[in-house]
Protein chains: 2
Amino acid sequence: MELLKKRIQEEGKILPGNIVKVDGFLNHRVDTELMEQIAEEFKKRFDTSKVTLVLTAEASGIALATICARAMGVPMVFAKKAKSDNIEGGLYQSDIFSYTYKKKVTLLVSKDWISADDKVLIVDDFMANGEAMRGLCDIVKEAGAELVGIGIAVEKGFQHGGDRIREAGINIQSLAIIDSADENGFVFRED
Amino acid sequence: MELLKKRIQEEGKILPGNIVKVDGFLNHRVDTELMEQIAEEFKKRFDTSKVTLVLTAEASGIALATICARAMGVPMVFAKKAKSDNIEGGLYQSDIFSYTYKKKVTLLVSKDWISADDKVLIVDDFMANGEAMRGLCDIVKEAGAELVGIGIAVEKGFQHGGDRIREAGINIQSLAIIDSADENGFVFRED
């Protein structure tokens, strides 16, 4: 998606250790108009007519997932991380490793809010190692629901989480795949 | 807002200890159409023409805040909880007590994403003790920005966080104030 690549090129920052920061429009301050444009792009790339649920993981995926769910006329469910007292029994769960927080976290979704009848589009703002996506796919499988696909705004291609998902035969659409981010700037994978 | 009260009445659950659960449409599975209707209600209750930014706290406020920001044509910023390695220097911060997690958490907003020129509408899905709101108000003040008001979907009136904010002279609009939630069901405050 050229518009998104342009925003990354113009506003993204590269920190030591190949850390990519796009927090001015994607995951701290969120450009809600851009989210709408991303949602429209996902609608072109997936058969969203059959989607019944958009699933994401807290926290930064929620903004994009909400706009996508609204554009598709379906609810949005977000997996919670770790256990809060406000979630009673009956949970689907998957343990993942968070590279952001450098520890294991557990993704939780109440069994009340995803069922075997659901056709799920997973949406996230950012993917690096793909751990959160692996956890969300586990939860969809546990629920016996159908995974329609995975829509990602920005993928760090050089960390290969997306490649593993592609090899598993899942329909994943990443709108900007960054193949390198270093002192020479951003290099994007060809569409 | 009658529609919201109706949803709470029909779908909300009351757990021991006056815990109110509205996670089927507000803060785990999110009814995105209802969020749009709530955003429209806030547009009636606040002078949103001058709002430049919608501010919330992660995680469950993000869905509603995103839809509100989109409806108002402005960006959404969410305060992060605790420190992640992806946030570099320059932060506004405020310590609050989280009753959900029973510990102190720090709300953080990068100084890059809120400025003295901003006119901020704070939005959250749920308010009980009002700690998160106190923290967000601190951050708006630290930034030297103008607080337009606070829009809350569901307020637990019997925990008095909202009353303290009203006494401080802040324009807070809660669309459903629950004055009691026990074995007799929900009682809402009159508008």
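UniProt positions are given in the numbering used here, and the annotations may be inferred rather than shown by experiment. The model in every view is predicted.

**View 1. Asn27 of chain A, an annotated binding-site residue.** An unreviewed UniProt entry places the feature "binding site" at A:Asn27 and A:Lys156. A:Asn27 sits in the loop between strand 2 (19-21) and strand 3 (29-30) of chain A. Its relative accessibility is 13%, so A:Asn27 counts as buried. Neighbours within four places in sequence are left aside here. Within chain A, the contacts of A:Asn27 include A:Val22, A:Ser60, A:Asp125 and A:Phe126. From chain B, B:Phe78 and B:Lys80 also touch A:Asn27.

**View 2. The annotated stretch from Ala128 to Ala132 of chain A.** The unreviewed UniProt entry also gives the feature "binding site" for A:Ala128, A:Asn129, A:Gly130, A:Glu131 and A:Ala132. A:Ala128 lies in the loop between strand 8 (119-127) and helix 4 (131-142) of chain A. A:Gly130 is placed in the loop between strand 8 and helix 4 of chain A. The cut-off for buried is under 20%.

**View 3. Gly151 in strand 9 of chain A.** A:Gly151 belongs to strand 9 (residues 146-156) of chain A. With a relative accessible area of 0%, A:Gly151 is buried. Which residues touch A:Gly151, leaving aside neighbours within four places in sequence? They are A:Phe42, A:Phe46, A:Leu121, A:Ile122, A:Val123, A:Asp124 and A:Gln173. A:Asp125 is 26 residues from A:Gly151 along the chain, yet their C-alpha atoms are separated by 8.5 Å. A:Gly151 has A:Gln173 as its bridge partner in strand 10 of chain A. Six bridges pair strand 9 with strand 10 (residues 172-182) of chain A in the parallel sense.

View 4. In chain A, strand 10 and strand 11 (residues 185-188) run antiparallel and are joined by four bridges. Two residues lie between these strands of chain A, and the pair forms a hairpin. A:Ala181 stands opposite A:Phe186. In chain B, strand 10 and strand 11 pair over four bridges in the antiparallel sense. They form a hairpin with two residues between them. B:Ala181 has B:Phe186 as its bridge partner.

**View 5. Helix 1 of chain B and its buried side.** Helix 1 (residues 2-11) of chain B has four named buried residues: B:Leu4, B:Lys5, B:Arg7 and B:Ile8. They cover an arc of only 160 degrees around the axis, which puts them on the same side of helix 1 of chain B. An α-helix has 3.6 residues a turn, so residues three or four places apart point the same way. On the other side of helix 1 of chain B, B:Glu2 and B:Glu10 are exposed. What do the buried residues of helix 1 pack against? Their partners in chain B are helix 2 (32-45), strand 9 (146-156), strand 10 (172-182) and strand 11 (185-188).

View 6. A search of the whole structure finds zero disulfides over all chains. A disulfide needs the sulfur atoms within 2.5 Å. A:Cys137 is likewise in no disulfide. A:Cys68 is buried at a relative accessible area of 0%. A:Cys137 counts as buried at 15% relative accessibility.

**View 7. The interface between chain A and chain B.** Here 41 residues of chain A are in contact with 41 residues of chain B. The two chains bury about 3700 Å² between them. Carbon and sulfur atoms account for 58% of that area. A:His28, A:Arg70 and A:Trp113 supply 20% of the area that chain A buries against chain B, more than any other three residues. A:Asn27 also touches chain B, through B:Phe78 and B:Lys80.

Technical notes: Residues are numbered from 1 along each chain as its sequence is written. Chains are lettered from A and ligands numbered from 1 in the order in which they are written. This is a predicted model: local features need pLDDT of at least 70, side-chain atom pairs count only at pLDDT 80 or more; totals for chains, interfaces and linings use all residues. Side-chain values use heavy atoms; hydrogens and water are left out. Buried means under 20% relative accessible area, exposed over 50%, partly exposed in between (1.4 Å probe, protein chains only). The arc is that of the directions from the helix axis to the C-beta atoms. Contact means heavy atoms within 4.5 Å. Two strands pair if DSSP finds at least two bridges between them. Buried area is the accessible area (1.4 Å probe) that two parts lose on being put together, summed over both.
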